[in-house]
Amino acid sequence: MLRETFDRYQMSDQDQVSMIQEPGSALRLDKLAATVSTYWSHFDPAFLFMIGGPSMTTSTGRVGVFLLPLAVLLPLGVFTMLRRPDPFGFHTVILLAVVTAPLAATLKGQPFSVQRILFMLPFAALIAAFGVDWLWQGRSRAGRAAAIALVAGVPLHFAVFYRDFFTHYKLRSAFYYDPAAFADVAAYLIADEEAPLIYLSHEIDDVGAKWRYYTTRDGRQDQMARTRYVMNDGLDIGPSDPGSLLAVHMKAAELAALEKSGLWKIEKVISDVDNRPTVAILRKQR
């Protein structure tokens, strides 16, 4: 299973071994330090309780892996579990589940990878429950008031996350999910019945899969026969087949070169959901 997983990530077993020690050599402190740093990054308080990592596709950047009240409840829960008797080892299993959750991301060399540590979430919830229990069982008014406030803070903070997720987050993250706004690109190309050929730049993310999806969805598989995928933003396309369309990323120098050749003219500029120009569609001149 490990070998197959490493293969899917284009990694070899040797890559994993070399992160800590190279066979027949002394311990590599630099690689050990990098490994420890990657592992520890997943317990960074800012990562866990404030931003949730740098990737806009796995975090909103405004809420951590856990809601903010757990910044208090988790330490209290760990404290409680370590103090209470554990004859069946349940506390040990829960704590081990949390501390081992980042191992996969550590082997991959990916710090702050919230998507790789989701295994810890139910166990962290159990630990937080121990924290609530400790506050409540203390029987002091202050402790019970704190327990009520922290538990009430969970849905309140989630409401903040929820509102942001369905409003501004979709604008902040749109570029990272679909830099080309390809649904609009495909709609424009499919609507054109006159272009003899449709050229798509290989630099558009997953362009082949996306184009096949939209043409199939709209019942226009016939467009695939007229499709050509090009490198170098189409600068190498010859003068034949006038009226053809070319979709390329918005790059000032490349677009200027295409227009300067006299073969192409910009016909449409596609913008993403946040109104950032992303793809230019050009028509080959006669």
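Author: What follows describes the sheet, the helices lying across it and the nonpolar cores. The model is predicted. Its open sheet consists of 5 strands in the order β2-β1-β3-β5-β4, with mixed pairing. Because β2 (227–230) and β4 (264–271) each have a single partner strand, they stand at the edges, and one side of each is left without a neighbour in the sheet. On average, neighbouring strands are turned by 25° against each other, direction ignored.

Strands of a sheet pair through backbone hydrogen bonds, either parallel or antiparallel. Within this pair, Ile270 has Val279 of β5 as its bridge partner.

Two helices lie across β4. Helix α11 (residues 182–191) lies across β1 (198–201), β3 (245–249), β4 and β5, and runs at about 135° to β4. Helix α13 (residues 252–260) lies across β3, β4 and β5, at about 150° to β4.

The nonpolar cores complete the picture. In the largest one, with 25 residues, Phe66, Leu74, Met120 and Ile127 touch the most other members. Helices α4 (45–51), α5 (70–83), α6 (90–100), α8 (121–137) and α9 (141–165) each supply at least two residues of this core. Leaving aside residues up to four places away in sequence, Met120 touches Phe43, Phe66, Val98 and Ala101. A second, separate core has 20 residues, among them Ile190, Ile204, Val207 and Ile270.

Methods: Residues are numbered from 1 along each chain as its sequence is written. This is a predicted model: local features need pLDDT of at least 70, side-chain atom pairs count only at pLDDT 80 or more; totals for chains, interfaces and linings use all residues. Side-chain values use heavy atoms; hydrogens and water are left out. Two strands pair if DSSP finds at least two bridges between them. Helices (H or I, at least four residues) and strands (E, at least two) are DSSP runs, numbered from the N terminus. Axes are lines fitted to C-alpha atoms, for helices over the stretch in contact, and angles run from 0 to 180 degrees between N-to-C directions. Contact means heavy atoms within 4.5 Å. A nonpolar core is a set of buried Ala, Val, Leu, Ile, Met, Phe, Trp, Tyr and Cys residues joined through side-chain atoms within 4.5 Å. Buried means under 20% relative accessible area, exposed over 50%, partly exposed in between (1.4 Å probe, protein chains only).
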